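Please read these points alongside the model. They cover the fold, the metal sites, the charged pairs and the surface.

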Amino acid sequence: MADKRDYYEVLGVSRDASPDEIKKAYRKAAIQFHPDKNPGDKNAEEKFKEAAEAYDVLSNPDKKARYDQFGHAGMGGAGGAGGYGGFGGEYGGFTMEDIFSRFGDIFGGGRFGGFGSGSSGGYGGKSVNRGSDLRVKVKLSLTEIVKGTTKKLKIKKDISCDQCGGSGAKNANSYTTCSTCGGSGHVTQVVNTFFGRTQTTTTCPTCGGSGKVITDPCPKCHGNGTVKGEEVVEINIPAGVGEGMQLSVSGKGNAAKHGGINGDLLVVIEEEPHPELKREGNDLIYNLQLNVADAVLGNSVEIPTVDGKARIKIEPGTVAGRVLRLRGKGIPDLNGYGAGDLLVVVDIYIPAHVSPAEKEALEKLRTSDNFKPKVSGGKARNLFERMRNYFIS
Ligand SMILES: [Zn+2]
Ligand SMILES: [Zn+2]
């Protein structure tokens, strides 16, 4: 999977560029690399697609916010080898048809209104419908979040009708010529574009550019071109995601009516609470209840981690409120910048009742000189102060 260029870099704008600046930058790039201007130039075509992909994200406040926060990792994409950073594989993947259907308006009408060789056919003329986006929730355990995971989701969605191939017509003869456009598929109007006032041809709103309307609808989909169905979608979830984060999988949403491009599948992450570990950003916190004797004498004790149990060493004389930091045992950073820590916050377990033998032992300790508190004033810190200091720092 090739490294993707930063979207801001692709469009040559700063990260705080206004929507208008982004739009202008995209227009400029789209004109420069437009296939009509660069016939047969594969490099220009790639640049043209790259700019469209960047503009698709940066012109959409929702996608832009995700990209600003998570980079390419936040942009979703099924397939690919999975694992860490296996995201973003198929995002983009725009066809020329997608670009003209999504962003055609930026050029001032159906095809490149007045720009280039309007008669060259190719991508123009026919507008492409886009299916709606779908949103699903995925519940993940902390372990899955730490390691990253792949989920197979059965998605109920509109799928293309297999009987009519998505056309919505019973057969090839089930059409009549569109009366709005007389069969041409487009209507001519005068519009203002960034090239100035120009006569431009847009897609016929009645027939959607096909030049014909259905007289005899497909009996299975009743002319919609789509039917209710299911698809199993495999989603690679990178390590380090968090509650409420949204990943988008391009093209896995609802199919469009009468053929066209699919909507996107938006995957919203839900975090399953762990019974013992609490997440704070990329750190994990465990409240350890320590035996009084272990606190005084030291020991090694078992603690939970996302990988199962681990043993940690307790130094003799460990006080309540001490925070033991296990570096890198927290949640990996989504963008690959290391990992959080596991913080073990020590509390001393005090039993509510004691046996006569225990009482006797404690009475001896009570009178022992060594057990009389020696710290005083500012040095004596209670658990809450320590906790507060930890969270403030
Ligand atoms: Zn059908
Ligand atoms: Zn028409």
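1. Helices (H or I, at least four residues) and strands (E, at least two) are DSSP runs, numbered from the N terminus. On that basis R366 and E363, 3 residues apart in helix α8, are separated by about one helical turn. The two form a salt bridge, with the closest N and O atoms 3.0 Å apart; the term stands for a side-chain nitrogen of Lys or Arg within 4 Å of a carboxyl oxygen of Asp or Glu.

2. Basis of the values. The model is predicted: local features need pLDDT of at least 70 and side-chain atom pairs count only at pLDDT 80 or more, while totals for chains, interfaces and linings use all residues. Residues are numbered from 1 along each chain as its sequence is written, chains are lettered from A and ligands numbered from 1 in the order in which they are written, and side-chain values use heavy atoms, with hydrogens and water left out.

3. Overall content. The protein has 9 helices and 17 strands. Of its 393 residues, 41% are buried, where buried means under 20% relative accessible area, exposed over 50%, and partly exposed in between (1.4 Å probe, protein chains only). Accessible areas come from the Shrake-Rupley method with a 1.4 Å probe; for residues, only the protein chains shown count as cover. Counting contacts (heavy atoms within 4.5 Å) between residues at least 6 apart in sequence, 67% join residues at least 24 apart.

4. Zinc ion (ligand 1). Which atoms coordinate this ion? The SG atoms of C161, C164, C218 and C221 do, at 2.2 to 2.3 Å. Donors here are N, O and S atoms within 2.8 Å of the metal (3.2 Å for Na, K and Ca); water is not among the atoms, so sites may look incomplete. The 4 donor atoms subtend angles of 104 to 116°, so the arrangement is tetrahedral. Four donors count as tetrahedral if all angles lie between 85 and 135 degrees. For comparison, the ideal angle for four tetrahedral donors is 109.5 degrees.

5. Sequence context of that site. The donor residues are spaced C-x2-C-x53-C-x2-C. Because C161 sits in the loop between β3 (149-160) and β4 (175-177) and C221 in the loop between β7 (212-214) and β8 (226-237), the pair ties together parts that are 60 residues apart in sequence. C161 is buried, at 1% relative accessible area, and C221 is buried at 2%.

6. Zinc ion (ligand 2). Its protein donors are the SG atoms of C178, C181, C204 and C207, lying 2.2 to 2.3 Å from the ion. The angles among the 4 donor atoms are 102 to 117°, and the site is tetrahedral. Here the spacing of the donor residues is C-x2-C-x22-C-x2-C. C181, in the loop between β4 and β5 (186-193), and C204, in the loop between β6 (196-203) and β7, link distant parts of the chain, 23 residues apart. C181 is buried at 13% relative accessibility, as is C204 at 1%.

7. Side chains of opposite charge can pair when their charged atoms come close. The count comes to 29 salt bridges. In the pair described in point 1, R366 is exposed, with a relative accessible area of 59%, whereas E363 is partly exposed at 33%.

8. K42 forms a salt bridge with E45, the closest N and O atoms being 3.5 Å apart. These residues are 3 apart in helix α3 (residues 42-58), which means about one helical turn between them. K42 is exposed at 58% relative accessible area. K147 pairs with D307 in a salt bridge, the closest N and O atoms being 2.9 Å apart. Since K147 lies in helix α6 (residues 142-147) and D307 in the loop between β14 (299-305) and β15 (308-314), the pair ties together parts 160 residues apart in sequence. D307 is exposed, with a relative accessible area of 55%.

9. Nonpolar patch. V292, V296, L297, I350, V354, L362, L365 and F371 form a nonpolar patch on the surface, with about 690 Å² of accessible area together. Patches are made of residues with over 30% relative accessible area and no salt bridge: like charges are joined within 9 Å, nonpolar side chains (Val, Leu, Ile, Met, Phe, Trp, Tyr) within 5 Å. Helices α7 (292-297) and α8 (356-367) each supply at least two of the residues, and α7 gives the most, with 3. L362 lies in α8 and is partly exposed at 46% relative accessibility.

Methods: Tetrahedral: all angles 85-135°; square planar, octahedral: opposite > 155°, others 65-115°.
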